[in-house]
Structure formats: structure tokens, C-alpha cells
Amino acid sequence: MTDVIAREELAAAIEAGSVTVLDTLGAGYFEKAHLPGARVLVESDVESTAGQLLPDRGAAIVTYCANEACRNSENVAVKLRALGYTNVRAYRAGIQDWADAGLPVEEGA
């Protein structure tokens with residue numbers, strides 16, 4: 001099971017620029033709304049894209065999806081760990097929790 005990160009800690013890490021945030025929902029959802037500075041990485045692309053997108057296997061990475069019922073963030077985090085990424089956590093509450101808390105989201109690609 002992947003370690004989790006709370007909304008407040010994630011917000012502070014995003015503000016500090018100390019984390020890479022991965023939207024695991026896919027491009028269509030990403031264009032509608034995503035966490036600030038997030039990048040897209042879906043489960044089916046982890047093996048082929050992670051090395052290029054995430055060259056530092058020790059960097060802080062947080063995955064997220066829609067809400068706690070969505071398993072995408074967990075699935076991507078597990079695959080990243082299997083590839084040797086050592087500092088991966090999931091924001092399980094997802095973008096729904098983020099937006100409901102009134103935190104900023106970005107739109108577009």
C-alpha cells in the first residue's frame with residue numbers, strides 16, 4: 001500500500017515547489033481541471049513514460065485522481081515504486097477534495 005499525503009501537506013509542498021504532482025485521470029480530465037503544476041501520467045503509460053517524465057527516482061512525487069473511490073492514483077504509485085521510485089505518495093482524497101476545500105485548480109493542457 002502506498003503512503004498517503006494530506007491536503008494541507010500537499011498544498012504546502014506545491015507552494016514550495018518541492019513535489020512533482022501527477023494527475024492519473026487522463027488528458028481529458030486534466031484539461032478540465034488539475035492541481036497546480038500537475039502533469040499527466042496514466043497507468044497504461046507508466047512504464048513507457050516515467051523515465052523521461054521523472055528522471056530523478058528519489059524526488060518527491062504525489063499521485064492523485066478524482067476522489068477516494070478512484071484507484072488510479074494508487075495504481076500509478078504502485079507501478080512507480082516497482083520501477084524504483086522511492087518517494088511516492090498518493091493524495092487519495094483527489095481533486096474533488098482539493099476543489100471542495102476552495103484550493104486553486106488550473107485548466108487547459
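This is a predicted model: local features need pLDDT of at least 70, side-chain atom pairs count only at pLDDT 80 or more; totals for chains, interfaces and linings use all residues.
I take buried to mean under 20% relative accessible area, exposed over 50%, and partly exposed in between (1.4 Å probe, protein chains only). Residues are numbered from 1 along each chain as its sequence is written, and side-chain values use heavy atoms, with hydrogens and water left out.

Entry 1, strand E4. Helices (H or I, at least four residues) and strands (E, at least two) are DSSP runs, numbered from the N terminus. I looked up E4, residues 61-64, and found both faces covered. Ile61 and Thr63 are buried on one side, Val62 and Tyr64 on the other. In a regular strand the side chains alternate between the two faces of the sheet.

Entry 2, partners of E4. I count two strands as paired if DSSP finds at least two bridges between them. E2 (residues 20-23) runs parallel to E4, joined by four bridges; Val21 stands opposite Val62. E5 (residues 88-91) also pairs with E4 in the parallel sense, over four bridges, and there Tyr91 is the bridge partner of Tyr64.

The axes of H3 (residues 46-53) and H4 (residues 72-82) come within 11 Å and cross at roughly 70 degrees. Contact (heavy atoms within 4.5 Å) is made by Val46, Glu47 and Ala50 of H3 and Val76, Lys79 and Leu80 of H4.

How values were computed: Axes are lines fitted to C-alpha atoms, for helices over the stretch in contact, and angles run from 0 to 180 degrees between N-to-C directions.
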